[in-house]
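User: I have a chain open on my screen and would like to talk it through. Could we go over it together?

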Amino acid sequence: MNVILVLHSIIRWAVLLSGIWVVINAVSGITSKRVYSSLDDRSNLFFMIFCDIQLLIGLILIFTNGWFVKIKSGMGELMKDPYNRFFVVEHGMMMIVALILVHIGRSKVKKASPESKHKKMLLFFGVAILLIVISIPWPNKAVVGRPMISWFN
């Protein structure tokens, strides 16, 4: 199971870097008034793919690391413990909301008029990457902090 946690930790960086790439493309597209390109489309496609992979790995962790058992035993006890509450409720739910925004955003950008594609990219993917950054258990977070990259113990 440690392998899955290490993968989840490493792919976090792919999600973050691709999300930042999308936001930079959106901002530069808006400011320079450039036409939406295949590079813009590819950037948000990669962001969505990395988010999907990260979700699958996260679900594997929930079901195999005992988190699901804690959920089934009752949310009352789970909510009293800040560590469990963060990983099961806060981290999990905010990441799912971010993933939904990424998928909706990709669809909205594809259907948008050429002059509004970059604005929609910035809105949907910008909010998604913000939620992702807030939800990561950074090393400086009390109680739930994790290393920048989890290695094999």
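Predicted model: local features only at pLDDT ≥ 70, side-chain atom pairs only at ≥ 80, totals over all residues.

User: How many helices and strands does the chain have?

Analyst: The chain has 6 helices and 0 strands.

User: What does the C-alpha trace span along its principal axes?

Analyst: The C-alpha trace spans about 50 × 30 × 25 Å. Of the 153 residues in the chain, 39% are buried. Among contacts between residues at least 6 apart in sequence, 71% join residues at least 24 apart.

User: Let us turn to α5. What span should that helix have, and what are its ends doing?

Analyst: Helix α5 covers residues 82-111, which is 30 residues, and at 1.5 Å a residue it should span 44 Å. Its end C-alpha atoms are 41 Å apart, which agrees with that expectation.

User: Where does α5 bend?

Analyst: The bend in α5 is at His91 and amounts to about 25°.

User: Now the charges. How many salt bridges does a search of the whole structure find?

Analyst: The search finds 3 salt bridges. As background, side chains of opposite charge can pair when their charged atoms come close.

User: Which residue pairs with Arg106?

Analyst: Asp41 forms a salt bridge with Arg106, and their closest N and O atoms are 2.9 Å apart. This pair links distant parts of the chain, since Asp41 is in helix α2 and Arg106 is in helix α5, 65 residues apart. Arg106 counts as buried because its relative accessibility is 9%, whereas Asp41 is partly exposed at 25%.

User: And Asp40, is it buried or exposed?

Analyst: Asp40 is buried, with a relative accessible area of 0%. Its salt-bridge partner is Arg34, with the closest N and O atoms 2.7 Å apart. Arg34 is partly exposed, with a relative accessible area of 29%.

User: Which residue does Arg85 bridge to?

Analyst: Arg85 forms a salt bridge with Glu90, the closest N and O atoms being 3.0 Å apart. Arg85 is partly exposed at 26% relative accessibility, and Glu90 is partly exposed with a relative accessible area of 33%.

User: Which element gives the most to it?

Analyst: Helix α2 gives the most, with 3 residues. Leu59 has its place in that helix, α2. At 32% relative accessibility, Leu59 counts as partly exposed, because that class lies between the 20% and 50% limits.

User: One last item, the backbone. What is phi of Lys33, and where is that residue found?

Analyst: Phi of Lys33 is near 55°, a positive value in a residue other than glycine. Lys33 is found in the loop between α1 (2-32) and α2, and at 74% relative accessibility it counts as exposed.

User: And phi of Val143: what is its value?

Analyst: Phi of Val143 is near 70°, a positive value in a residue other than glycine. Val143 lies in the segment after α6 (117-135) and counts as exposed, at 57% relative accessibility.

How values were computed. Residues numbered from 1 in each chain as written. Heavy atoms only, no water. Helix = DSSP H or I, 4+ residues; strand = E, 2+ residues; numbered from the N terminus. Buried < 20%, exposed > 50% of the residue type's maximum accessible area, 1.4 Å probe, protein only. Expected span 1.5 Å × (residues − 1). Bend = angle between axes of the 7 residues up to and from the residue. Contact = heavy atoms within 4.5 Å. Salt bridge = Lys/Arg side-chain N within 4 Å of Asp/Glu carboxyl O.
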